[in-house]
Amino acid sequence: MKSLVIIPTYNEKENVEKIVEQLTCKGFYILIIDDNSPDGTGEILDKLQITNDKLQIIHREKKLGLGTAYIQGFKWALDRDFDFIFTMDADFSHNPEYLPEFVKKLAEFELIIGSRYVKSGGVRNWPVQRKLISRCGNFYAKTILQYPVNDSTSGFMGFRRKVLENINLDEVKSEGYGFLIEMKYRTHKLGYKIYEYPIIFADRTQGVSKISKHIIWEAIFLVWKLKLKIK
Ligand SMILES: Nc1nc2c(ncn2[C@@H]2O[C@H](COP(=O)(O)OP(=O)(O)OP(=O)(O)O)[C@@H](O)[C@H]2O)c(=O)[nH]1
Ligand SMILES: [Mg+2]
């Protein structure tokens, strides 16, 4: 089974080298989609690529958002012979140590979600306010969408290829948290088996956050849009 990990990056110069190294050691192929990070992340990646034939980089012109980065990455993966396609952040909030466990679970399930909100999962080092927003947001999404996923906004996922082949990727237009919810909801609606693997999510220690209030509002409206659009 051939596995690809897709990582979007924007200003992650402190993290990229280490994450690429750890994933390479574990035998994963890596696709990084960098949005012309002003901090030089793209240049660091270009250097790493010279000696790493498992690393591919897509350089985009400017900051175009997480959603479009992943959609481009999924299409790239489907044009090649990858069986399992993973999504994760560059900032070590998603511990690469979980990936081999996700791979095992993909034998039985079609989507694995690294989940903070199942038994044994959790969040380390987040301020109370952020914990509350995340908890409430996920409860909101689960309630409105009436589907069995506890951590809709997790960006740590593993898909079997056929799931991505059967989702119409051109229809997925949402960004940020909305995008993460939409991918899970569409997977569920297609009848695929989903497993939430408990993870401890660690707050980033390097680099700065890119989330914005706008992204949270978008997700709140998107949940209703999805519910009404996807039957
Ligand atoms: N290519 C690309 N990557 C992005 C963009 N926005 C965020 N990212 C990357 O997406 C991943 C998740 O973004 P984060 O900033 O960690 O978002 P978060 O985890 O919600 O917030 P913090 O961990 O608090 O920073 C990271 O690898 C970012 O570098 C973007 O517009 N384009
Ligand atoms: Mg992060």
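How many of the residues of β5 are buried? Five of its five residues are, so this strand is mostly covered. Here "buried" means that 20 or more other C-beta atoms lie within 10 Å of the residue's own; 12 or fewer makes a residue exposed, anything in between is partly exposed, and C-beta atoms are placed from the backbone.

## What you are looking at

This is a predicted model, in which local features need pLDDT of at least 70 and side-chain atom pairs count only at pLDDT 80 or more, while totals for chains, interfaces and linings use all residues. Residues are numbered from 1 along each chain as its sequence is written, and chains are lettered from A and ligands numbered from 1 in the order in which they are written.

The protein chain has eight helices and nine strands. Both kinds of element are DSSP runs numbered from the N terminus: helices are H or I with at least four residues, strands are E with at least two.

## Overall build

The C-alpha atoms fill a box of roughly 45 × 35 × 35 Å, taken along the principal axes.

Of the 231 residues, 40% count as buried. Take the contacts between residues at least 6 apart in sequence: 82% of them join residues at least 24 apart. A contact here means two C-beta atoms, placed from the backbone, within 7 Å.

## The sheet

Seven strands form an open sheet with mixed pairing, in the order β3-β2-β1-β4-β7-β5-β8. At the edges stand β3 (55–59) and β8 (194–198), each with a single partner strand, so one side of each is left without a neighbour in the sheet. From one strand to the next, the twist averages 20°. Strands count as paired if DSSP finds at least two bridges between them. Axes are lines fitted to C-alpha atoms, for helices over the stretch in contact, and angles run from 0 to 180 degrees between N-to-C directions.

Two helices pack on this sheet. Helix α2 (residues 41–50) touches β1, β2 and β3, and its direction makes about 150° with that of β3. Helix α3 touches β1, β2, β3 and β4 (84–87), with its direction at about 155° to that of β1.

With β7, the pairing is antiparallel over three bridges. There, I112 stands opposite G158 and I113 has M157 as its bridge partner.

Strand β7 (residues 157–160) points M157 and F159 one way and G158 and R160 the other way, and all are buried. Four bridges join β7 to β4 in the antiparallel sense, with F86 opposite G158.

## Two partly exposed residues

P198 lies in strand β8. It counts as partly exposed because it has 16 C-beta neighbours inside 10 Å. Leaving aside neighbours within four places in sequence, P198 is in contact with S115, V118, K119, S120 and G121. W76 is 122 residues from P198 along the chain, and their C-alpha atoms are separated by 29 Å.

I133 is found in helix α5 (residues 128–145). With 15 C-beta neighbours inside 10 Å, I133 also counts as partly exposed. The C-alpha atoms of I133 and K225, 92 residues apart along the chain, are separated by 20 Å.

## The ligand shell

Which residues come nearest to ligand 1? Of the 21 around it, they are P8, Y10, A90, S209 and K210. "Near" means that the C-beta atom, placed from the backbone, lies within 6 Å of the molecule. The elements that give two or more residues to this shell are β1 (3–9), β2 (29–34) and α3 (66–78), and β1 gives the most, with three residues.

By class, the shell has nine nonpolar, four polar and eight charged residues. Nonpolar covers Ala, Val, Leu, Ile, Met, Phe, Trp, Tyr, Cys and Pro; charged covers Asp, Glu, Lys and Arg; the others, Gly among them, count as polar.
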